[in-house]
Amino acid sequence: MSLGKAARSLVKPARGLLRAPAPAPRRTYAAGAEARAVLEKELEGIRAAGTWKGERIITSKQGPQINVEGSRGSILNFCANNYLGLSSHPEVVQAGIDALKSYGAGLSSVRFICGTQDLHKNLEQKLAEFHEREDCILYASCFDANAGLFEVLLGPDDAVLSDELNHASIIDGIRLCRAKRLRYKHMDLSDLESKLKESQSSRMRLVVTDGVFSMDGDVAPLQGICDLAEQYGAMVFIDECHATGFLGPRGRGTDELLGVMDRVHIVNSTLGKALGGAAGGYTVGPKPLIDLLRQRSRPYLFSNSLPPPVVSCATRAVELLLASNEIAQSMTAKTMRFRNNMTQAGFTIAGSAHPICPVMLGDARLASLMADDMLKLGVYVIGFSYPVVPKGKARIRVQISAAHTDEDIDHCVDAFIQTGRRHGVVS
């Protein structure tokens, strides 16, 4: 047999092996159809439970008054994290426009390749100054900041002690690290102390808590937490997404409000709420930690840089707060006006003196129906239910903004009273 014939005789069987069997496409289609049926069943269960989360479409800029598709006229917005009303502040918007013209839409890259501009370094410097910390690192979101911190800082010889109601991003970030994990009961200092005693053999220990718990408006007992941390040789971390910009005499956050700025070691927060409301998050803390995060934090290393317009909007927001605490100080009276009037009307409002004012209803379907009825009365609010909050703890979470007038707040209370009476919540 010639060499060519021998080669051809070997190739023929090989081609047969490479050819896909005929039934494969049918099996693939069947698998896709089966998955679709499973997903649709899961979705139907969400609808049946009354916990379906629809998305209303806003056709205007963010602010105390918005336009909503399907609704006539202007609607009062009591559901945004726009605590200081800076999302549409003229100076904040203009800063974004100027940056878009001068620096472009984006960097098309991560920071260490060719994605760092002077804009990014300037904002990091101002955020470190604002929080009175040594250094700062920017992320695409605070979710990324929480996802990128713990696995870099903590190893298998360390321990992390986390409040059981911490934000989902904290929980997910802790899952990525190899440290020993201990959960303590919500804001329970006695249980935290027992966990600190239990973890005394660990090299480093980090107590982790939200400064403000976003579903309930609870403020963490930071003075007691810092006392215990110092007693047992632990560090303290706080997530300040619902505090930065408006809590404390100068709006620095929960640690300023409670007088422990020099006792909290690491702060994570967001640019996407009070500081302009666009996007982005950050970590502030000791410079060696920030330097290490730049080298090893995966969400930082593998995510595109924040777009220049977003950076400039946030920078201008921080500059406004560094220049004056007037906006932050206006929050207290407006918050208490709503809380006091709602309590007098017979509603149960969770939390303390925080702009997050959860109107507790218990039933998921009731929360959704009441929110729909409120929209008909010109007030935009959303019902919160499982899995965002525990089962049986459904509520309408109202958020007060510095941009709301007293008349806006009174209108919102009146709408709640009308709706509450219709559904038998208040008399």
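**Pockets of the predicted model**

The largest pocket holds about 820 Å³ of space.

**The largest pocket: residues of the lining**

- The lining of the largest pocket is made up of 40 residues, and those that lie nearest its centre are K53, I382, G383, F384 and V388.
- Sorted by class, this lining of the largest pocket consists of 17 polar, 15 nonpolar and 8 charged residues.

**The largest pocket: where the lining comes from**

- At least two residues of the lining are supplied by each of helix 6 (142-153), helix 16 (364-376), strand 14 (383-384) and strand 15 (394-399).
- Helix 16 gives the largest share of the lining of the largest pocket, with 5 residues.

- The volume of the second largest pocket is about 470 Å³, and its lining is formed by 19 residues.
- Nearest the centre of the second largest pocket lie L165, M215, V388, V389 and P390.
- In the lining of the second largest pocket, 11 residues are nonpolar, 5 are charged and 3 are polar.
- Domain 1 (53-87 + 325-423) and domain 2 (90-323) each contribute at least three residues to the lining of the second largest pocket.

Terms used
Residues are numbered from 1 along each chain as its sequence is written. This is a predicted model: local features need pLDDT of at least 70, side-chain atom pairs count only at pLDDT 80 or more; totals for chains, interfaces and linings use all residues. Side-chain values use heavy atoms; hydrogens and water are left out. On a 1 Å grid over the protein atoms alone, a cavity is a set of points where a 1.4 Å probe fits but cannot get out, and a pocket is an open set with protein on both sides within 12 Å along at least five of seven lines; lining residues have an atom within 4 Å of a point. Grid points are joined across faces, edges and corners, and a volume is the space filled by probe spheres set on the points. Helices (H or I, at least four residues) and strands (E, at least two) are DSSP runs, numbered from the N terminus. Ala, Val, Leu, Ile, Met, Phe, Trp, Tyr, Cys and Pro count as nonpolar, Asp, Glu, Lys and Arg as charged, and the others, Gly among them, as polar. Domain bounds come from an automatic or database domain assignment.
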